[in-house]
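Subject: Structure handover and findings

Dear colleague,

Please find the structure below, handed over for your own work. The findings follow it, beginning with the strands and ending with the surface.

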Amino acid sequence: MTYRNLGAACVVLCLVACTPGDDASPTTTAPAADIVFVGPNIVTVDDANPTAEAVAVRGDEIIAVGSRSEVLALVGERTRVVELGGAALVPGFIDAHGHLAFVARLIELVDLSSPPVGTVETMDDVV
C-alpha cells in the first residue's frame with residue numbers, strides 16, 4: 001500500500017468507526033443492549049444502590065443498572081426487553097460444591113436455623 005492509499009484507507013476506517021451500527025439507539029452513541037430486564041423487584045446486592053428498576057446486558061456483561069428511563073435508553077432494534085412484572089431479579093449464584101441440592105433434600109426436617117433464616121435463638125427454642 002502506498003502512502004497515498006494509506007490516507008484514503010484511514011478516512012474510510014474513521015467513517016466506519018464513527019458510524020453507528022444498526023442496533024444503536026438514536027439518542028446515544030453507545031451500542032444497544034442485547035437484553036434489558038425491567039421491574040420493581042430488582043435486587044443489586046450493592047449497599048449504595050440496593051434496588052433498581054432496570055438492568056441492561058450486552059454479551060456477558062452488565063452494562064447498566066438504574067432507573068427504567070436510564071436503562072431503556074440503551075434499547076435498540078434488536079434488544080429483547082423482559083418485563084418482570086411481580087417477579088424478582090437477583091444476582092445468580094453457582095453452587096459448585098452441592099450444598100444447595102443437599103439442603104433441598106433436608107427441607108422436610110426440623111428447622112434449627114438461627115435468625116435470619118430460622119427462629120432458634122436459645123436451647124429452649126430447640127426443645
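Two strands are taken to pair if DSSP finds at least two bridges between them. On that basis, Ala56 has Ala64 in S3 as its bridge partner. Please note that this is a predicted model.

Overall fold

The protein chain contains four helices and four strands. Read from the N terminus, the order of its elements is α-β-β-β-α-β-α-α. Of its 127 residues, 20% count as buried. Among the contacts with a separation of 6 or more, 47% are between residues 24 or more positions apart.

Strand pairing

Strand S1 covers residues 35-43 and strand S2 covers residues 51-58; the two pair in the antiparallel sense, with six bridges. One of the residues concerned is Val43, whose bridge partner in S2 is Thr51. S2 also runs antiparallel to strand S3 (residues 61-66), to which five bridges join it. S2 and S3 form a hairpin with two residues between them. In the turn, Gly59 has a positive phi of about 65°.

The loop between S2 and S3 also holds Asp60. Is Asp60 buried or exposed? Its relative accessibility is 80%, and because the cut-off for an exposed residue is over 50%, Asp60 counts as exposed. The C-alpha atom of Asp60 is separated by 9.6 Å from that of Asp34, although the two residues are 26 residues apart along the chain.

Largest pocket

The largest pocket holds about 200 Å³ of space. Which elements give two or more residues to its lining? They are S1, S2 and S3, and S1 gives the most, with three residues. The residues that line the pocket are Phe37, Ile42, Val43, Thr44, Val55, Val57, Ile62, Val65, Leu89, Val90 and Pro91. By class, the lining comprises 10 nonpolar residues, one polar residue and no charged residues.

Terms used: Residues numbered from 1 in each chain as written. Predicted model: local features only at pLDDT ≥ 70, side-chain atom pairs only at ≥ 80, totals over all residues. Heavy atoms only, no water. Buried < 20%, exposed > 50% of the residue type's maximum accessible area, 1.4 Å probe, protein only. Contact = heavy atoms within 4.5 Å. 1 Å grid on protein atoms, 1.4 Å probe; cavity = no way out; pocket = protein on both sides within 12 Å on 5 of 7 lines; lining within 4 Å. Points joined across faces, edges and corners; volume = space filled by probe spheres on them. Nonpolar A, V, L, I, M, F, W, Y, C, P; charged D, E, K, R; others polar.
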